[in-house]
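Subject: Structure handover

Hi,

Here is the structure for your files. Please load it before you read the notes below.

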Amino acid sequence: MELWDVYDINRTKKDRTWVRGKELGPGDFHLIIHVCIFNSNEQMLIQQRQSFKEGWPNLWDLTAGGSAIAGDTSQAAAERELHEEIGLKVDFKHIRPHFTINFEYGFDDFYLIQKDVEIHTLTLQYEEVQNVKWASKEEILKLIKNEEFLPYYESLIHLLFDSRDKRGTIQG
């Protein structure tokens, strides 16, 4: 049984938890994180979900992601998920998400990390990940079109690539 912290609409943690899989109550939200690793060749490290994984089996996805468990900060969840899923250690203590997207049931934090990683050094979590590879924005968009990648909005993929080495909304 996995427990998640419950947040209010202002992202203030409530004094209770929620059991994964149960329906959230009105005004209750939870926290999800995504980590996107980009290399110096303007490619994103993507993972292929296991064939037996519930929800989107065999499809390609962003580098790593998942729900924050009870007691996690956003940074702790990002660090844990990245290490669990692909064996990559990054210290998130002083890293803020590049942006947050609100969805019906919570908050989705996106971390964009510039790091050249040798794929052969990664340790894939058998229960979740069957493969990883580097992919350009165009390759990811083609995978989405061919229904081989999670059906993210095309505009999100553009935003991830366009924001990978920038902060804020103003050029300069």
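The notes below cover a helix pair and then the aromatic rings.

This is a predicted model: local features need pLDDT of at least 70, side-chain atom pairs count only at pLDDT 80 or more, and totals for chains, interfaces and linings use all residues. Residues are numbered from 1 along each chain as its sequence is written, and side-chain values use heavy atoms, with hydrogens and water left out.

Helix packing

Helices (H or I, at least four residues) and strands (E, at least two) are DSSP runs, numbered from the N terminus. Helix H2 spans residues 137-145 and helix H3 residues 154-163. Their axes lie 10 Å apart, at an angle of about 165 degrees. Axes here are lines fitted to C-alpha atoms, for helices over the stretch in contact, and angles run from 0 to 180 degrees between N-to-C directions. H2 is therefore roughly antiparallel to H3 (angles over 145 degrees). The crossing of H2 and H3 is right-handed (the near helix is turned clockwise from the far one by less than a right angle).

On the H2 side, the contact uses Lys137, Ile140, Leu141 and Ile144. H3 contributes Glu154, Ile157, His158, Phe161 and Asp162. Contact means heavy atoms within 4.5 Å. The residues of this contact split into 5 nonpolar, 1 polar and 3 charged (nonpolar: Ala, Val, Leu, Ile, Met, Phe, Trp, Tyr, Cys and Pro; charged: Asp, Glu, Lys and Arg; polar: the others, Gly among them).

Buried residues in H3 are Leu156, Ile157, Leu160, Phe161 and Ser163. Buried means under 20% relative accessible area, with a 1.4 Å probe and protein chains only. Their cover includes H2 and strands E3 (30-38), E4 (44-49), E7 (99-103), E8 (106-114) and E9 (129-135).

Aromatic rings

The structure holds 8 aromatic pairs. Rings of Phe, Tyr and Trp (its six-membered ring) pair if their centres lie within 6.5 Å; planes under 30 degrees apart count as stacked, over 60 as edge-to-face and the rest as tilted.

Phe92 and Tyr111 have ring centres 5.2 Å apart and planes at 90 degrees, so this pair is edge-to-face. Phe92 sits in the loop between helix H1 (74-86) and E7, Tyr111 in strand E8, 19 residues apart. Both Phe92 and Tyr111 are buried.

Phe99 and Phe110 have ring centres 5.1 Å apart and planes at 25 degrees, so this pair is stacked. Phe99 is in strand E7 and Phe110 in strand E8, 11 residues apart. Phe99 counts as buried at 17% relative accessibility, and Phe110 at 2%.

Ring pairs also join Tyr7, Phe29 and Phe107 into a cluster.

Best regards

Note on methods
Parallel < 35°, antiparallel > 145°, perpendicular 65-115°, else oblique. Buried < 20%, exposed > 50% of the residue type's maximum accessible area, 1.4 Å probe, protein only.
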